[in-house]
Amino acid sequence: MTKLLEWLLGLSLIGMAWGLVTFDLLDLQLPPQYRELAWPMPVYLLVAFGCYSLATVGYRVATFNDCEDAAKELQAQIKEAKEDLKKKGLKM
Amino acid sequence: MASRRGNAKTGEQADKYSVLLPTYNERENLPLIVWLLVKYFGESGYNYEIIVIDDGSPDGTLQIAEQLQKIYGADKILLRPRAKKLGLGTAYIHGIKHASGNFIIIMDADLSHHVSTLPLKQKEGGYDLVSGTRYRGDGGVYGWDLRRKLISRGANFITQVLLRPGASDLTGSFRLYKTEVLEKLVEQCVSKGYVFQMEMIVRARQLGYTVGEVPISFVDRVYGESKLGGNEIVSFLKGLLTLFATT
């Protein structure tokens, strides 16, 4: 199953569950608190996911390593490489 | 009989690493990459070969490669050029045909990493595939401004949510594969460019291959600028959605 299909399946299941509870499609006569809670759930979940995404990406950007040492090492190695290669006869 | 390398395990002698270097206009970078590879493989004692796959570069990359071959030997530097720019997937297929190693290492000709971390990690866990990551451990980048970091992390986040690939960095191209694993994957993957790299890992997980990761320091192109404009972003999203719908 492709990821797309997985998502569609998952969303359909959640959607059905939500619809069942909110609109009482099976005539389960659930207490009104259930319906009141279920009704705005999609929006709540979207907002929660949005916040989670922002926080996660923000955190990851803030903690993105800057490799100063690697850059310095590379610059030194480039110098060394050029000298060594010239000695070995490379004409750039 | 004491081994020159000290702590020799008999298996090590048998492993050989073929480094595939697809090049296009890498006249400046190629000697440096080769020099670094020779240095690190030399220090590590692993058996290796470097296969330069030049796609008819107009800047004389192939001539530089020929000089390098004279310097380091035709058993270490193999030249398998092609007539024109034909794309990454076919470059790998072409390279594999000429590779004599049981492991293949892929790297962009403009990255600079300690290549010996790949074989090391592979031996640690017997992985089918080892991928370099900028996002874990002490991996990272150099010289990236906030915009670029934001786009990179944002794109990676979306990728993780949509594809759940089981690897932290999909667009990197510093990887080691068991030769037969790479053969199998290249057969299956249909995307182009770096989306191809992403597809390789996604498919690898689907086929049940084990993926190890090593942190890498991505120091920007040794010479020249890396592009990350609107076009790149759009094509990335297109590629991502295609993978989402087809894998």
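Predicted model: local features only at pLDDT ≥ 70, side-chain atom pairs only at ≥ 80, totals over all residues.
How many salt bridges does the rule find across the interface of chain B and chain A? The rule finds two.

## Interface between chains B and A

The size of an interface is often given as the accessible area lost when the parts come together. Here the area buried between chain B and chain A is about 3,500 Å². Carbon and sulfur atoms give 67% of that area. B:W35, B:R153 and B:F157 supply 21% of what chain B buries against chain A, more than any other three residues.

## Polar and charged pairs across the interface

One salt bridge joins the side chains of A:D66 and B:K149, with an N to O distance of 3.1 Å. Between chain B and chain A there are twelve residue pairs in polar contact, counted where both residues have pLDDT 80 or more.

Which strand order does the open sheet of chain B follow? Its seven strands are arranged as 3-2-1-4-7-5-8, and the pairing is mixed. Strand 3 (77-79) and strand 8 (211-215) of chain B are the edge strands, each pairing on one side only. From one strand to the next, the twist averages 25°.

Strands of a sheet pair through backbone hydrogen bonds, either parallel or antiparallel. In chain B, strand 4 (residues 103-106) and strand 7 (residues 175-178) run antiparallel and are joined by four bridges. Within this pairing, B:F103 stands opposite B:K178, and B:I106 stands opposite B:R175. Strand 5 of chain B also runs antiparallel to strand 7 of chain B, with three bridges between them. B:R175 of strand 7 is the bridge partner of B:S131.

## Helices across the sheet

Helix 5 (residues 117-125) of chain B lies across strand 1 (16-23), strand 4, strand 5 (129-133), strand 7 and strand 8 of chain B. Helix 5 runs at about 45° to strand 7 of chain B. Helix 8 (residues 193-206) of chain B lies across strand 5, strand 7 and strand 8 of chain B. For helix 8 the angle to strand 7 of chain B is about 45°.

## Salt bridges over all chains

Over all chains, the structure holds twelve salt bridges. One of them pairs B:K123 with B:D15, whose closest N and O atoms are 2.7 Å apart. B:K123 lies in helix 5 of chain B and B:D15 in the loop between helix 1 (10-14) and strand 1 of chain B, so this pair ties together parts that are 108 residues apart in sequence.

How values were computed: Residues numbered from 1 in each chain as written. Chains lettered and ligands numbered in written order. Heavy atoms only, no water. Buried area = accessible area lost by both parts, 1.4 Å probe. Salt bridge = Lys/Arg side-chain N within 4 Å of Asp/Glu carboxyl O. Polar contact = N/O pair within 3.5 Å; in protein donor to acceptor, adjacent residues only side chain to side chain. Pairing = 2+ DSSP bridges. Helix = DSSP H or I, 4+ residues; strand = E, 2+ residues; numbered from the N terminus. Axes fitted to C-alpha atoms, helices over the stretch in contact; angles between N-to-C directions. Contact = heavy atoms within 4.5 Å.
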